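Hi everyone, thanks for coming. Today I'd like to walk you through a structure, one piece at a time. Let me put it on the screen.

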Amino acid sequence: MPFRLTIALALWLMTAAPVTAAVNVFACEPEWAALAERIGGDLVSIYAATTAKQDPHQVQARPSLIARARAADLVICTGAELEVGWMPLVLRQAANPRIRPGGPGYLEAATLVSLVEVPSVLDRSQGDVHADGNPHIQTDPRNLLPVAQELSRRLGQIDAANAAAYRARQAAFAAEFEQAIARWQQTAAPLRYVPVVVAHKNWSYLINWLGLREEATLEPKPGVPPSGGHLSDVLARVRSDPVRMIIHAAYESPRAAQWLAERARVPAVELPFTVGGTEDARDLIGLFDATIARLLRAASNPSG
Amino acid sequence: MLAVPSLSLAATADDLAAIRDAIRQLEQRRQEDQARIEMLERRLSDADAQLRTVRSGQVSSPASTQPAPSASTTAMRRPTTANLPAAARPGVTSGPSFGTRGGSASAFNPAIGAVLQGTFSHFSRDPDNRVPGFMVGEEATIGDRGFSLGETEINLSASVDHLFYAEATLAHPREGGVEVEEAFVQTTGLPWGLTVKGGRFFSGIGYMNEQHSHAWDFIDPALPYRVMLNTQYGDDGIQLRWLAPTEHFLEFGAEGFRGDSFPATATNNGKGSVAAFVRTGGDFGASHSWLAGLSYLHADADNRATNADTFTGGSDLGIASLVYKWAPGGNPSERNLKLQGEFFYRDEDGTFNGLAYSGRQFGWYAHAVFQFMPQWRLGARYDQLSARALGAEFAGTTLDDLGRNPRRVSGLLEYETSEFGRFRLQYNHDRATQETNHEVFLNYVVSIGAHGAHKY
């Protein structure tokens, strides 16, 4: 029995060994996995640690994540404390010096863009606030450009032989994406000044980009689930000061948004939030196509 | 401004419309200014990036510049907050935070957190810490009646340098005073998936052993932990872990300890305790995950006393652990379920009160905790111990199990105000002793300051 067990274990170890691509990328969120796909192509092997249906704040340091981080050459995360509840532990347990914070194998996207809503006072009575500012940067496509640039630089550092290929892919991505951004801004022009209610404060970059107006939040404090009392307050506010839609992310429960939508007679809009959040958000371009299409549809359909 | 008096005097519909229009225009101007500021900021950052590229071109080897240049530019842009929370972020402390907070010594402060616990307990019978049939350690109590401050702990952690991480937990135990619960240094820079940890720490055996008590699902430890490990096995020693390079999580660990803690005794002629464990785990689809482990602990006891009885000899303990978690689509925020169970087998050989003794003892528990809606959890637990029958010469001693197996059934209701505040109500139908004890606990656990991520 022990002999057979040893053979079984050895076989399993061999078959479970990771496929050897040039660079193993561990992406904390789907948007960074999609970006790594664009910049790395088949020169990299990508593992997305979370799906679009998961709340990136609320992930657990599962054994599978630790095993994948062990094999990673590059970790790309949002940073700004978004993954503070799981990544520090994954990194420590993975025992992988290649992805140590501060080294070339550890990239926090939020360090490359200017963050909004940096709290002046850090106190947990304010809810689940992030000391560095709002971490949900991927809702503004312009934030992806500097991240793509840094990502290609890091990939080139780790895999010097293919540095030129990464640079070329990044340049192609930047050109295509800049064009797309111009197109989105044009299409989304009617959304300027449109007043909205958001479920959680994770749309600030999108709102700033498109010039929407955030009138209220369904959560009384960031990270605190909406209570009945607070929802009634929001309802009273939107009755006296109407909004055009209620926005929630695909990973969030739609219940509170739908409750308010029914009573305020405005549509509740589910946005993908990241790649794969909704069926029409298959890649980074699709993510913003879908986001803007859904916003426009809601804005032109006042009754919901 | 001039429109205001006219509003108070004769506010016609036209006036109101004009005011609305003016407000809208002002708002529009504000937004446009904002957009212009953003555009300028963007240009600045682009220029910054170009400058960076030029600079890195001049430096002979760009790879050797350790702090990512991008980090320092970000710091310049956000001078008041940049990297300040490095101290508040356990585990993310090393790295590009130096040089940005000129002269501020506190920037290097470790992450500091405190966990406060308090319990109100009601027992239908006097608390009786004996468990007939089993020798127990000093910590293996069911607690005090009435109000009591549970274990209060202060945790400090930070990277030492680019090769080490260190963590210390000071606890205020029930008996009073201050105790160093854990104080260890751990490597972060070893190759091949190796980690070495040294100092005082909770052993990696079992599933619950390594977790701090405030992270447990139930207020009190399960019977096997309470009786066979004196609630938790921690000691001074060294640990080596190896994480196999497989896609599937597979971890091996070996430990050597000073050998002072129960089931060993401080006076064991310098004989140490040794432990080993192997753990594996993974996912089934997006919604299911699991962790399984096998552990072994060997300890030597010299005149280990419980009540008036003493044991001298070797103690071997094996633990099999299994944890399963369910979260729909991998998102636990709304609903989730955790099933956890462990089986203990202990073999102690030596002399008991001078009599030759060879005892086989078993213990197991299984519990389920279900979060049925955000912030609310329900739990149920069963735990039990049993021992192989001994000869008549042990009748009347601590090892006399009085012909029955100690067991309990527990129920739990938990409400959390946030991830930092937990309030729990627990009931134990406790039949560890001969007469049933109905135990009710009301407990809070709050965490302030930096709070490290919890283990799976």
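Chain B has four helices and 17 strands as its secondary structure. Please keep in mind that what you see is a predicted model. Of the 456 residues in chain B, 36% are buried. Now take the contacts in chain B between residues at least 6 apart in sequence: 57% of them join residues at least 24 apart. The chain is also divided into two parts, domain 1 covering 3–55 and domain 2 covering 117–449. How far apart are the C-alpha centres of domain 1 and domain 2 of chain B? They lie 60 Å apart.

Let's move over to chain A and its sheet. Here we have an open sheet of four strands, in the order S2-S1-S3-S4, and the pairing is parallel. Which strands of chain A stand at the edges? They are S2, residues 44–48, and S4, residues 106–108; each has a single partner strand, so one side of each has no neighbour in the sheet. On average, neighbouring strands in this sheet are turned by 20° against each other, if we ignore direction.

Now look at strand S3 of chain A, residues 74–77. On one side, three bridges join S3 to strand S1, residues 23–27, and the two run parallel. In that pairing, A:Phe26 stands opposite A:Val75. S3(A) also pairs with S4(A), again in the parallel sense and over three bridges. There, A:Val75 has A:Tyr106 as its bridge partner. And where do the side chains go? A:Leu74 and A:Ile76 point one way from S3(A), while A:Val75 and A:Cys77 point the other way, and all of them are buried.

Next, the helices of chain A. Two of them, H5 (residues 144–158) and H6 (residues 163–187), have axes that come within 8 Å and cross at roughly 170°. The two helices are therefore roughly antiparallel to each other. Among the residues making this contact are A:Leu144, A:Leu145 and A:Ala148 of H5(A), and A:Tyr166, A:Phe173 and A:Phe177 of H6(A). By class, the contact has nine nonpolar, four polar and two charged residues.

Helix H6(A) meets another helix too. That one is H2 of chain A, residues 30–40, and the axes of H2(A) and H6(A) come within 7 Å and cross at roughly 115°. From H2(A), the residues involved are A:Arg38, A:Ile39 and A:Gly40; from H6(A), they are A:Tyr166, A:Arg169, A:Gln170 and A:Phe173. This contact has three nonpolar, two polar and two charged residues.

One last stop: A:Leu191, in the loop between H6 and strand S5 (195–198) of chain A. Is A:Leu191 buried or exposed? Buried counts as 20 or more other C-beta atoms within 10 Å, and A:Leu191 has 22, so it is buried. Leaving out residues up to four places away in sequence, A:Leu191 touches A:Leu210, A:Leu212, A:Leu295, A:Leu296 and A:Ala299. As for A:His136, it is 55 residues from A:Leu191 in sequence and 20 Å away in space, C-alpha to C-alpha.

That's my tour, and I'm happy to take your questions!

Conventions
Residues are numbered from 1 along each chain as its sequence is written. Chains are lettered from A and ligands numbered from 1 in the order in which they are written. This is a predicted model: local features need pLDDT of at least 70, side-chain atom pairs count only at pLDDT 80 or more; totals for chains, interfaces and linings use all residues. Two strands pair if DSSP finds at least two bridges between them. Axes are lines fitted to C-alpha atoms, for helices over the stretch in contact, and angles run from 0 to 180 degrees between N-to-C directions. Domain bounds come from an automatic or database domain assignment. Angles under 35 degrees count as roughly parallel, over 145 as roughly antiparallel, 65 to 115 as roughly perpendicular and the rest as oblique. Two residues are in contact if their C-beta atoms, placed from the backbone, lie within 7 Å. Ala, Val, Leu, Ile, Met, Phe, Trp, Tyr, Cys and Pro count as nonpolar, Asp, Glu, Lys and Arg as charged, and the others, Gly among them, as polar. A residue is buried if 20 or more other C-beta atoms lie within 10 Å of its own, exposed if 12 or fewer, and partly exposed in between; C-beta atoms are placed from the backbone.
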